[in-house]
Amino acid sequence: MTKRKEFEEALVVHLKQMMYNAAEKRGGVHEILNDLFFTETYSELFEMSAMVAFQNKQSIDMDLTSAKVLASIENVELNAELQPIWTFRVLFPKNEWLDWDWCVEDVTISIEPDSSYEISIFIINDAGDQLMNPKNDDPLWEDHTRAIRGNTLFKTLNPQL
């Protein structure tokens, strides 16, 4: 397995664990979906409902975020079995641990209920030039993987999920 593939799999595990923690905190995935699909509760007051929905989403995104990985829900849709397909946007803020020739800055990832995923990665170097195809076995992928795994273990009770 390539170092990039290991990074991608670690990112999926990290996001699933963070979503599990957020769901546990709120009383289940259905509570998160209710907050995201929220329409009925404040239907008379559209502006208030939009504000409350935005605040709910911000709160969920905060639960998905860790010290070195900023995550937010970009989209959620239900498949034919009414199971959620999550699309996340993940940012790796420029910090001292990302002082390299290139870094992953922005990741969009869709995770389906059957554990399959689709990932798209945007990479820039320090000069701001986009790198289209870094080598899949570049050792710098390992640094991203360690950062993800370290934050998952630090913030969770069950790192095996």
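# Exercises on a predicted model

The side chains of Glu8 and Arg4 form a salt bridge, with N and O 3.4 Å apart. Keep in mind while working that this is a predicted model.

## Exercise 1: Salt bridges

**Task.** Find where Glu8 and Arg4 lie in the chain, then study the salt bridge of Asp63 and Arg26 and that of Asp61 and Lys57.

**Solution.** 

Step 1. Start with Glu8 and Arg4: both belong to helix 1, where they are 4 residues apart, about one turn of the helix. Glu8 and Arg4 are both buried.

Step 2. Go on to Asp63 and Arg26, whose side chains meet in a salt bridge at 2.3 Å, N to O. This pair links distant parts of the chain, since Asp63 sits in helix 3 and Arg26 in helix 1, 37 residues apart. Both Asp63 and Arg26 are buried.

Step 3. Now take Asp61 and Lys57, whose closest N and O atoms are 2.5 Å apart. They are 4 residues apart in helix 3, so about one helical turn separates them. Asp61 has a relative accessible area of 11%, so it is buried, while Lys57, at 26% relative accessibility, counts as partly exposed.

Step 4. Look for shared partners: salt bridges join Lys25, Arg26 and Asp63 into one network. The count for the structure comes to 6 salt bridges.

## Exercise 2: The plan of the chain

**Task.** How many helices and strands does the chain have, and in what order do the elements run?

**Solution.** 

Step 1. Count the elements: there are 4 helices and 4 strands.

Step 2. Read them off from the N terminus, which gives α-α-α-β-β-β-β-α.

Step 3. Of the 161 residues, 42% count as buried. Among contacts with a separation of 6 or more, 54% are between residues 24 or more positions apart.

## Exercise 3: The largest nonpolar core

**Task.** Which residues touch the most other members of the largest nonpolar core, and which element gives the most to this core?

**Solution.** 

Step 1. The core has 30 residues, and Phe88, Val90, Val107 and Ile109 touch the most other members.

Step 2. Check the contributors: at least two residues each come from several elements, including helix 1 (3–26), strand 2 (84–91), strand 3 (102–111) and helix 4 (140–155). Helix 1 gives the most, with 9 residues.

Step 3. Look around Ile109. Setting aside neighbours within four places in sequence, its contacts include Val12, Leu15, Trp86, Phe88, Val90 and Ile119.

## Exercise 4: Aromatic pairs

**Solution.** 

Step 1. The structure holds 2 aromatic pairs.

Step 2. Phe7 is in helix 1 and Trp141 in helix 4, so the pair ties together parts 134 residues apart in sequence. Phe7 is buried, with a relative accessible area of 0%, and Trp141 is buried with a value of 0%.

Step 3. Trp86 is buried at 9% relative accessible area, and Phe88 is buried at 1%.

## Exercise 5: Loops and a surface patch

**Task.** Where does Leu82 lie, and which residues make a nonpolar surface patch of about 280 Å²?

**Solution.** 

Step 1. Recall the background: most residues other than glycine have a negative phi.

Step 2. Leu82 has a positive phi of about 60 degrees although it is not a glycine. Leu82 is placed in the loop between strand 1 and strand 2, and at 61% relative accessibility it counts as exposed.

Step 3. Ser115, also not a glycine, has a positive phi of about 80 degrees. Ser115 is found in the loop between strand 3 and strand 4 and counts as partly exposed at 42% relative accessibility.

Step 4. Return to Leu82: together with Phe37 and Leu78 it makes the patch of about 280 Å². Leu78 lies in strand 1 and, at 37% relative accessibility, counts as partly exposed.

Note on methods: Residues are numbered from 1 along each chain as its sequence is written. This is a predicted model: local features need pLDDT of at least 70, side-chain atom pairs count only at pLDDT 80 or more; totals for chains, interfaces and linings use all residues. Side-chain values use heavy atoms; hydrogens and water are left out. A nonpolar core is a set of buried Ala, Val, Leu, Ile, Met, Phe, Trp, Tyr and Cys residues joined through side-chain atoms within 4.5 Å. Buried means under 20% relative accessible area, exposed over 50%, partly exposed in between (1.4 Å probe, protein chains only). Contact means heavy atoms within 4.5 Å. Rings of Phe, Tyr and Trp (its six-membered ring) pair if their centres lie within 6.5 Å; planes under 30 degrees apart count as stacked, over 60 as edge-to-face and the rest as tilted. Patches are made of residues with over 30% relative accessible area and no salt bridge: like charges are joined within 9 Å, nonpolar side chains (Val, Leu, Ile, Met, Phe, Trp, Tyr) within 5 Å. Accessible areas come from the Shrake-Rupley method with a 1.4 Å probe; for residues, only the protein chains shown count as cover. A salt bridge is a side-chain nitrogen of Lys or Arg within 4 Å of a carboxyl oxygen of Asp or Glu.
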